[in-house]
Amino acid sequence: LSPTDKSLEFDRDFRIRHYAGDVAYSVVGFIDKNKDTLFQDFKRLLYNSSNPVLKGMWPEGKLRITEVTKRPLTAATIFRNSMISLVENLASKEPYYVRCIKPNDVKSPLLFEPERCRHQVEYLGLLENVRVRRAGFAYRQIYQRFLQRYKMISEFTWPNHDLPSDKDAVKKLLQGCKFDHDVAYGKTKVFIRTPRTLFSLEEQRAEMVQRIVVFLQKVWRGTLARMRYRRMRAALIILRAYRRYKVKSYIREVNRRFKNVRSMKDYGRHVKWPTPPKVLRKFEEAMKSIYNRWWAWTLIKDLSPEETLQVRAKVASLEALKGQRADLGLQRAWEGNYVKRDNPDTASSFTLVSSELQRKDKFMRVLFSCNINRFHKAEDRALLISDRHLYKMDPLKQYKPMKSIPLYNVTGLSVSPGKDQLVVFHTKDSRDLVVCLQGMVPANESRIGELVGTLLSHFK
């Protein structure tokens, strides 16, 4: 495509650079020989000509149209069929290679250029082949390079041999492959007579290379796995040491902060707990529970038996009614017997009646007493709960008992969630007692919590 290149005709010739020399072509008539053959109808036309010469040139035209059903083969199809036939023919023979030499560039049958021919002979290695063929051997190689290529075939030479020389190692290798009859050993090279021996060596080498590659992959993967294991193990050791350090630091800090809680006024309630590591969150909960139990025991260990019963009743009330009512009366002292306090004028009559009931029913102590109102009525009544019975009394009749219910007959207790003090005592015979506690003096004094806590503590 360069007009300044005078060695080729511009826009007509082109050159292919081959290792054995340059080859020039012309595009003029380049594809004429590749044109397809004529169709059968054209051959029939020329065969039917009145000119005997044309008729003789196309004898295929005498075939009838019914006898020819296919189109003629194209040049590509013919070339492909020819190549297939050639390959099949070569495959059935013993191959011998033919080297082609181009004698000149002008395609003259009488011109022979020595330099061009010598160049091609050197590139094709014909001189070496002639020397080897003259000696009767198809392949020769120095011992070191031969051993480097085929040493994996024999166990005596892989990966490195311990023989005196490379020549002895090559002899041991070929003897193990049973090719000793087809080789000759020179001073520095090994000679192989037939290509078939070399092909067999190549096949064994290809098989062993695949096995070596698999072995190397296995070793390398094992190395990677061990390296990964060492890193993971080192990380685990560091992680364990760090966790141990965090745990010890947390325990030391807890010990430091709570070391002198016995001498503190609030026994360490104001001490802030340190932030624990994640692994000790449940441990922190257990420690707080232990501390809270110790703190509670420290507070109640010096209480009198009466105060201990009151604390147990408050705890029972808190467990039963926590979140159900706003005021449980936990901040005040529970007196239990409120009839004497609320009505000091009639306290003597109430004391006389309660003593009479104690002699009659043989109960040990009074759990709770309070003035009540009848349900939906404004009449005043009194409620007395002993460790055996529940009594409803009439204050206007010197606290005369109006109703007596054994405590073992009480199955349950219901209270209202509002500010009122409505209480329902459920009994086995379904004759429930509905009362409303009085006790708003002082103002907002709720006695529901005390009633529930006292009964729960007694039944427990």
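I began with terms: two strands pair if DSSP finds at least two bridges between them. Helices (H or I, at least four residues) and strands (E, at least two) are DSSP runs, numbered from the N terminus.

I noted that this is a predicted model, in which local features need pLDDT of at least 70 and side-chain atom pairs count only at pLDDT 80 or more, while totals for chains, interfaces and linings use all residues. Residues are numbered from 1 along each chain as its sequence is written, and side-chain values use heavy atoms, with hydrogens and water left out.

**Entry 1. The hairpin of E8 and E9**

I looked up the hairpin of E8 and E9, which has five residues between its strands. Strand E8 covers 389-394 and strand E9 covers 400-406. The two run antiparallel and are joined by six bridges. Aspartate 394 stands opposite lysine 400 in E9. Which residue of this hairpin takes a positive phi? I found that glutamine 398 does, with a value near 55°.

**Entry 2. Other positive phi values**

I recorded the background first: most residues other than glycine have a negative phi. Lysine 362 has a positive phi near 55° and is a residue other than glycine. I located lysine 362 in the loop between helix H12 (347-361) and strand E6 (366-374). Is lysine 362 buried or exposed? Its relative accessible area is 60%, and it counts as exposed because the cut-off for that class is over 50%, with buried under 20% and partly exposed in between (1.4 Å probe, protein chains only). I also noted glycine 323, which follows H10 and has a positive phi near 85°.

**Entry 3. The sheet of E3, E5 and E4**

I recalled that strands of a sheet pair through backbone hydrogen bonds, either parallel or antiparallel. Here three strands form an open sheet in the order E3-E5-E4, with antiparallel pairing. Strand E3 (139-142) and strand E4 (183-185) stand at the edges with a single partner strand each, so one side of each has no neighbour in the sheet. The twist averages 20° from one strand to the next; axes are lines fitted to C-alpha atoms, for helices over the stretch in contact, and angles run from 0 to 180 degrees between N-to-C directions.

I then followed the pairs. E3 and E5 are joined by four bridges, and tyrosine 139 stands opposite isoleucine 192 in E5. E4 and strand E5 (residues 189-192) pair over three bridges, and valine 183 has isoleucine 192 as its bridge partner. A hairpin of three residues joins E4 to E5.

Helix H6 (residues 143-150) packs on this sheet and touches E3, E4 and E5, where contact means heavy atoms within 4.5 Å. The direction of H6 makes about 100° with that of E3. Helix H7 (residues 166-176) lies across E4 and E5 and runs at about 165° to E4.

**Entry 4. Helix H10**

Helix H10 (residues 305-321) has 17 residues and reaches 24 Å from its first C-alpha to its last. This is close to the 24 Å expected at 1.5 Å a residue, the expected span being 1.5 Å times one less than the number of residues.

Which residues of H10 are buried? I listed Ala313, Lys314, Ala316, Ser317 and Leu321. They lie on the same side of H10, because they cover an arc of only 165° around the axis; the arc is that of the directions from the helix axis to the C-beta atoms. The buried residues of H10 pack against strand E10 (410-415) and H13. The face turned away from the buried side carries the exposed residues Pro305, Arg312 and Glu319.

I checked alanine 320, also in helix H10. Alanine 320 is partly exposed, at 38% relative accessibility. Not counting residues up to four places away in sequence, alanine 320 touches Val452 and Leu456. Alanine 320 and glycine 453 are 133 residues apart in sequence but 8.1 Å apart in space, C-alpha to C-alpha.

**Entry 5. The nonpolar cores**

A nonpolar core is a set of buried Ala, Val, Leu, Ile, Met, Phe, Trp, Tyr and Cys residues joined through side-chain atoms within 4.5 Å. How many residues has the largest nonpolar core? I found 22, and those with the most contacts inside it include Leu383, Leu390 and Phe425. Among the elements that give two or more residues to this core are strand E7 (380-386) and helix H13 (448-459). A second, separate core has 17 residues, including Tyr143 and Leu174.
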